[in-house]
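I opened this entry to keep a record of what I looked up in the structure, chain by chain and then residue by residue.

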Amino acid sequence: MLQLRQISKEFGVVKALSAVDFEIASGEVVGLIGENGAGKSTLMNILGGVHTPTSGEIFIEGNPVQIHGAKAAERLGISFVHQELNLLDNIDIAGNIFLGREPRTFGMLDQKALAEQARPILEKLDLHLDPRTSVSDLTNGQQQLVEIAKALSMEAKLLILDEPTSSLSIQESDTLLKLVSKLKTQGMAIIFISHRLTEVEQIADRVVALRDGENAGELGPGEIHHDSMISMMIGRDLSEIYPECNPVDSDKILSINNFSTQRWPFGNASFDVHAGEILGIAGLVGAGRSELAQALFGVDSSPSGDINVSGKVLERGNVKEAIASGLFLAPEDRKTSGLILGMSIRENMTLNSLDRFSNRSKIDFHSEREKANEWLQEFGVKAPTIEIPVSSLSGGNQQKVVLSKWMTLEPKVMIFDEPTRGIDMGARQEIYQAMVRLAETGCAIIMISSDMEELLGMSHRIAVMREGSLSGILNRDDFSEKAIMTLAVHQSELVGN
Amino acid sequence: MEIQKSSFFNRYRKEVCLAVILFFVAFWTIIFSRNTEASGFLQSLIESRFLSLRNLENLSRQLGMYGIFSLGMGLVIISGGIDLSVGSLMALFGTVFFFLLTGSHAWIPGMHWSFAIIVVLLFSVAVGSLHGWLIAKVRLQAFIVTLCGLLGYRGLAQTMTHDTAIGYYDAKYDIGGLEHLLNGELLGLPAAFIAFVLVSGVIFYLLHLSVFGRYLLALGRNEQAARYSGVNTVFIMGLAYVACTLLTAISALFFARYSSDVTPSIHGNFFELYAIAGAVLGGCSLRGGEGTVVGIILGTTVLLVLQNMVNLLGYDSSFSKVITALVILGGVLVDRFEIWKLLARSKTS
């Protein structure tokens with residue numbers, strides 16, 4: 001149905017795609033996999049009409065076409081469901097589905113017709129909801145389905161799903177996957193982009209991998225396995241990525257008891273972390289992992305719980321004390337919490353430790369520059385000078401700046417929240433190595449991650465959270481994706497399936 | 001990677017642009033206010049009315065008074081907020097100051113001028129703390145809190161004076177020293193200007209050399225990230241509002257003396273807007289996190305020299321508002337479309 005031949009795309013001097021081939025037939029589900037920055041989004045944005053290719057040809061049903069703009073893509077029957085939800089939550093379901101294409105009578109919005117037209121589409125998706133329901137009342141999973149309903153209402157022939165399950169619970173993901181198979185039998189061509197390789201394995205007829213903007217191979221039916229997909233994506237074996245684990249000391253550095261967070265006031269987390277240990281924290285999105293990290297660091301208040309660093313009890317909700325005791329957090333969202341994008345690398349690196357670079361209240365610019373330059377080298381941040389704004393750095397380099405600003409302060413407890421999200425493999429490896437080096441100095445490390453590979457590859461133990469509470473801790477011998485998921489999901493949810 | 005080079009011009013482009021504008025406006029005014037009877041062109045320029053001692057003295061006094069509170073406004077804008085109450089506070093502080101000198105209000109005791117100044121400054125710190133607390137801690141919007149101030153403080157001043165003017169010539173104690181302090185001269189420079197230079201120095205230190213300034217710029221750009229770095233954002237943000245009202249009070253003392261009586265219904269009208277205009281023209285962004293002391297000073301100076309030009313050259317004074325508006329709009333447009341880059345490019349090619 002759709003064929004892309006030798007597609008290349010350059011942004012200035014950066015080559016995002018070079019000579020990529022891709023095709024898909026009606027009634028086929030193609031899994032598109034690749035690391036962040038491999039060119040998946042660029043390729044799909046070309047299909048969605050967001051970018052025009054520098055060179056190459058696009059054929060639909062054998063006819064060459066040009067896709068200029070999102071409207072043009074819609075007319076060609078291409079529908080793109082983005083990773084972030086693009087719904088207006090102050091409008092009802094029907095209004096969202098037909099946004100910009102509302103039925104009108106004498107220029108007035110015809111609410112009745114709107115709801116009636118929406119109903120059969122929702123039925124098709126097994127979404128038994130009143131089309132008049134406000135989107136803000138829906139769960140993430142239902143909102144994702146409304147996005148797909150929007151695509152169906154445009155009579156799409158090709159559906160692009162970009163990380164559709166990243167914010168869904170297991171049950172919701174399952175519903176979505178079933179829906180994908182159903183649409184497939186109805187003759188829809190579906191491109192399924194996901195980091196959750198088990199889902200790709202489950203749903204895809206064929207898998208296409210991209211690496212560094214080039215085709216990195218293809219797997220047909222029967223060849224789609226977890227490990228083969230990984231090695232195609234990264235071009236090497238998994239064992240090469242994760243550094244060897246260091247031994248763990250017996251000293252307890254951090255212990256927390258009956259800790260709850262504002263989001264989950266009745267939650268209960270208790271665990272210890274030893275010197276040199278990397279404790280992974282797994283859980284579904286919304287399980288309260290980041291909230292726990294923020295409450296431990298003190299940027300968020302928490303209703304109850306004790307926190308103890310090397311025998312010293314900390315006051316809850318006091319960032320200053322946490323920092324003074326050597327408990328640091330490299331937050332989940334580096335752009336809104338980790339960095340001040342408009343400020344320079346130097347200013348970002350020293351923002352949390354300015355008192356070390358100041359005499360009374362005056363900043364000692366000389367020593368500040370010296371240290372920032374030193375850290376730039378030490379953490380391998382690729383930047384011409386320390387004076388450029390961090391907004392001009394790549395994701396990996398930005399993350400290195402975040403890490404450098406905390407890891408150089410001799411942390412006793414370092415919490416990493418999604419340390420490698422959106423970061424390419426090279427920078428990722430460097431970050432892993434830096435983490436292990438830090439652990440070797442006797443620091444207790446907590447690593448929150450949604451990346452299974454990373455959790456399994458890096459942690460000494462994995463704590464699993466569910467609804468604000470700790471549902472179990474796995475030792476290295478018991479590590480498996482299944483064991484983690486069992487703890488992460490409520491038992492009744494599994495029974496429900 | 002030429003964009004990433006931080007040359008002098010790139011880093012201080014806003015200041016350089018403003019200085020150029022300032023130069024042209026001043027030059028224009030000098031030429032058209034030149035003394036036509038002088039011998040020789042150069043001599044006629046030197047004897048121009050713009051460069052006359054009286055005009056320069058007047059201009060520097062104005063700059064002193066406007067500059068002090070504009071710097072305060074600059075700090076608040078850099079923190080990502082706004083203070084609309086500056087003009088009304090100008091009236092309230094002036095009124096309270098004169099009542100303190102004369103003791104003619106039932107609730108306000110008369111006192112020596114030195115105590116009166118201290119009381120006004122303490123009062124301003126209290127008002128600023130209230131603003132800071134409501135905005136930084138209670139998390140009300142700055143626009144709304146200070147809008148209430150804009151209405152309330154002027155109304156309060158009008159109530160206190162029964163909506164008439166209040167002077168200070170029947171002061172209870174000797175005010176000879178006060179005259180020297182607020183209206184005197186040092187080395188031929190008006191007291192307000194000298195106060196302004198001192199204030200500028202302090203604010204320059206605070207904003208560009210101290211930890212406080214770094215924190216203020218950081219929280220203006222991204223409050224959450226600043227908090228995640230352990231910055232006490234509530235305290236720093238609150239401090240910006242305290243500084244703004246304190247500087248307003250200092251300026252209010254000079255203004256009250258300069259106008260010799262305070263009519264609360266018109267005293268300091270629209271001053272908050274002049275301050276915002278000066279700060280924005282000087283390169284502060286209302287989104288916060290951006291701005292320099294030199295920029296704010298230059299922005300304020302440009303506005304005042306424009307006003308001076310209109311007065312000296314006898315342009316229709318109503319029209320001066322239009323000119324001011326166009327200059328501000330032009331300045332922001334130049335910044336928005338990064339026009340200096342075009343200049344730099346045409347120079348290199």
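**Chain B as a whole**

I began with burial, and found that 51% of the 349 residues of chain B count as buried, where buried means under 20% relative accessible area, exposed means over 50% and partly exposed lies in between, with a 1.4 Å probe and protein chains only. I note that this is a predicted model, in which local features need pLDDT of at least 70 and side-chain atom pairs count only at pLDDT 80 or more, while totals for chains, interfaces and linings use all residues. For my own bookkeeping, residues are numbered from 1 along each chain as its sequence is written, chains are lettered from A and ligands numbered from 1 in the order in which they are written, and side-chain values use heavy atoms, with hydrogens and water left out.

I then looked up the secondary structure, and chain B has 16 helices and four strands; these are DSSP runs numbered from the N terminus, with helices being H or I of at least four residues and strands E of at least two. The C-alpha trace of chain B spans about 75 × 65 × 35 Å along its principal axes.

Among the contacts in chain B with a separation of 6 or more, 75% are between residues 24 or more positions apart, contact meaning heavy atoms within 4.5 Å. The accessible surface of chain B is about 16,600 Å², and carbon and sulfur atoms hold 68% of that surface; the areas come from the Shrake-Rupley method with a 1.4 Å probe, and for residues only the protein chains shown count as cover. I also noted 22 positive and 18 negative side chains in chain B, with the centres of the two sets 12 Å apart. Here Lys and Arg count as positive and Asp and Glu as negative, with His and the chain ends not counted, and the place of a charge is NZ of Lys, CZ of Arg, CG of Asp or CD of Glu.

**Chain A and its domains**

For chain A I found 18 helices and 24 strands, and 54% of its 497 residues count as buried. The mean positions of the 46 positive and 68 negative charges of chain A are 4 Å apart.

The domain assignment of chain A gives domain 1 (2-238) and domain 2 (252-496), with bounds that come from an automatic or database domain assignment. Their centres, taken over C-alpha atoms, are separated by 33 Å, and 13 residues of domain 1 are in contact with 13 residues of domain 2.

**Single residues**

Which residues does A293(A) contact, leaving aside its neighbours within four places in sequence? I found L329(A), I415(A) and I448(A). A293(A) sits in helix α9 (residues 289-297) of chain A, and it counts as buried because its relative accessibility is 2%.

V231(B) lies in the loop between α11 (223-228) and α12 (233-259) of chain B and is buried, at 4% relative accessibility. Not counting residues up to four places away in sequence, V231(B) touches L351(A) as well as Y215(B), A226(B) and I236(B).

Y169(B), in the loop between β1 (166-167) and α8 (176-183) of chain B, is exposed with a relative accessible area of 58%. Apart from its neighbours within four places in sequence, Y169(B) is in contact with R257(B) and S260(B).

R139(B) is not a glycine, yet has a positive phi of about 65°; R139(B) is in the loop between α6 (113-137) and α7 (142-160) of chain B, and counts as partly exposed at 48% relative accessibility. L187(B), also not a glycine, has a positive phi of about 55°; L187(B) is in the loop between β2 (185-186) and β3 (189-190) of chain B, and its 81% relative accessibility makes it exposed.
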